[in-house]
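Biologist: I have a model open and want to learn how to read it. Where do I begin?

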Amino acid sequence: MRKSIAAPSVTLASVTVATLVLAGCNGHQSALAPFGLEARSTLWLTAVLAAGGSVIALGMAAIYFVAARAPEGKLTHQSGMRLVLWLGAVVPTVVLTALLVWALPAMRPLPTGDSDLHIRVEGEQFWWRVAYARSDDKGLNGRTEPLLLSANEVRLPVGRTVVFELTATDVIHSFWIPGLAGKMDMIPGRTNRLVVKAEKPGTYRGVCAEFCGLSHALMAFDVIAMEPAAFDAWLTAARIPPRRTQDRGAALFAREGCGSCHALAGTSAQARIGPDLTRFGERLTLGAGILEPTDGHTAAFIRDPHRFKPGARMPAYTHLTQEEALALARWLKQTKAENAR
Amino acid sequence: MSEDPRGDRRKWHERLQVTLWTLIVPPTVWAAHFLFSYLWAAISCAKQGDFARFPTLFVAGTVLALAAIALSGWIAHRQVRMPGSPPPHQDGTDIDRLRFLAKATLLLAGLSFVGVLFTALPVVFIGDCR
């Protein structure tokens, strides 16, 4: 009687839990959907460990079962001790040694060369400053300008080794593209290196993985893995500043002093306090991975950033009319019209 | 153990004292090797700027640690086999005390030996200062 009531409720609970767990599945931000070398080998290692752990647990359960049901006098002290020696010492040592020997090479950092692309990413509350450079250009040491400045979006050539140079300017952040590689802390005053290799083109997502303030959970970025030729073409094109119309948007940008914090390549706005807006129209999301980049969202964000991003440093521009904010939003998006990817 | 009737006819390893101090020799060597490994990696990376092609000092330190643990284990192994009552060695006699401590030392030596190997393997398989 009791059994017949318990069984459906257990099934229901399992289905509910499984549904909740499976709801987290996606292909763009998951270590279970790798597009990079490191994430792929980590997933394989995880699968082997999970399968091996299950086999060991089931085997132990079977041994308990047999031992508990063995007839009186069938098991001797000596055979028990032998079992402990083999299954408790020898087999674990061999298994752990084999796992160590197998897993250690995966921890070895990828080899890098002088011509590898370097992407310097600085964590800020609550966005990402991105700079592309070649190491043989010495671009990141301040001696020459980087190839390209950007924000809240990282583009990678598939099949090539890329070196991320990670740092932060305010508090500790953590750079994590789950489908590409493990996470790496971004520490003010220190540069951490993360060497990666993307293997599959596509659009993915990265996040901040270290609590960094009010909008920590709203600090994400888009990751676009491109075929090498397409990446090279994009990088070349992206370095040419887009031509912008001198209309109302331009006037508003100047009047409101947006250039005091933001940069627009090819104009007098060169500040690096806020995100670089040169390629703003090209971005897949608005506000570091949190909003659809529609004109409406952009206008609303300009007028009241804290509604979308509590704790953001950008001041509110509530004095702008909706119409003015929309004009500014459309003008900022002109990257796309001029230099579509 | 002076009242042991066989007196001086015992072999050298059988005449050795067995105390809690000898018991912790293998894990202490393991701990020392662990510290040595990290110091060696940090210093050699800092001084040379690159990982040593052939880490002579590290190999020597590891071999030394393994030899010390093996010796300790071998002595314990011989001491366990000295004549006495079967386990458990729980009586307050010298021979029970010796055989209990020797058995524990032997098991710790086995663990420490594997521990030292596990500490040393990354040098072989990673070999990188990053």
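Modeller: Begin with confidence. This is a predicted model. Where pLDDT is low, the predicted coordinates should not be read in detail.

Biologist: What is the average pLDDT of chain A?

Modeller: Chain A averages 89, and 93% of the residues score at least 70.

Biologist: Which elements of chain A have the lowest and the highest mean pLDDT?

Modeller: Helix α9 (residues 334–338) of chain A has the lowest, at 61. Strand β6 (residues 173–176) of chain A has the highest, at 97.

Biologist: Next, the fold. How many helices and strands does chain A have?

Modeller: Nine helices and ten strands. The C-alpha trace of chain A spans about 95 × 60 × 35 Å along its principal axes. Buried residues make up 29% of chain A.

Biologist: Now contacts along the sequence. What share comes from residues 24 or more positions apart?

Modeller: In chain A, 62% of the contacts with a separation of 6 or more.

Biologist: And the domains of chain A. Where do the bounds fall?

Modeller: The assignment gives domain 1 as 117–238 and domain 2 as 248–338. Their C-alpha centres lie 21 Å apart. Count the residues on each side of the contact: 20 residues of domain 1 of chain A meet 15 residues of domain 2 of chain A.

Biologist: Which strands each supply at least two residues of the domain 1 side?

Modeller: In chain A, β2 (127–134), β3 (148–151), β9 (202–208) and β10 (220–226). By class, that side of domain 1 has eleven nonpolar, six polar and three charged residues.

Biologist: Let me try one residue. Is A:V196 buried or exposed, and why?

Modeller: Count C-beta neighbours. The cut-off for buried is 20 or more within 10 Å. A:V196 has 22 inside 10 Å, so A:V196 counts as buried. A:V196 is found in strand β8 (residues 192–197) of chain A.

Biologist: Which residues does A:V196 touch, beyond four places away in sequence?

Modeller: A:G36, A:E38, A:V162, A:F164, A:L180 and A:A181. A:L218 is 22 residues from A:V196 along the chain, and their C-alpha atoms are separated by 24 Å.

Biologist: Last, the chain contact. How many residues of chain B are in contact with chain A?

Modeller: Eight, and they meet nine residues of chain A. The chain B side has six nonpolar, no polar and two charged residues.

How values were computed. Residues numbered from 1 in each chain as written. Chains lettered and ligands numbered in written order. Predicted model: local features only at pLDDT ≥ 70, side-chain atom pairs only at ≥ 80, totals over all residues. Contact = placed C-beta atoms within 7 Å. Nonpolar A, V, L, I, M, F, W, Y, C, P; charged D, E, K, R; others polar. Domains from an automatic or database assignment. Helix = DSSP H or I, 4+ residues; strand = E, 2+ residues; numbered from the N terminus. pLDDT = per-residue confidence, 0-100. Buried ≥ 20, exposed ≤ 12 C-beta atoms within 10 Å, placed from the backbone.
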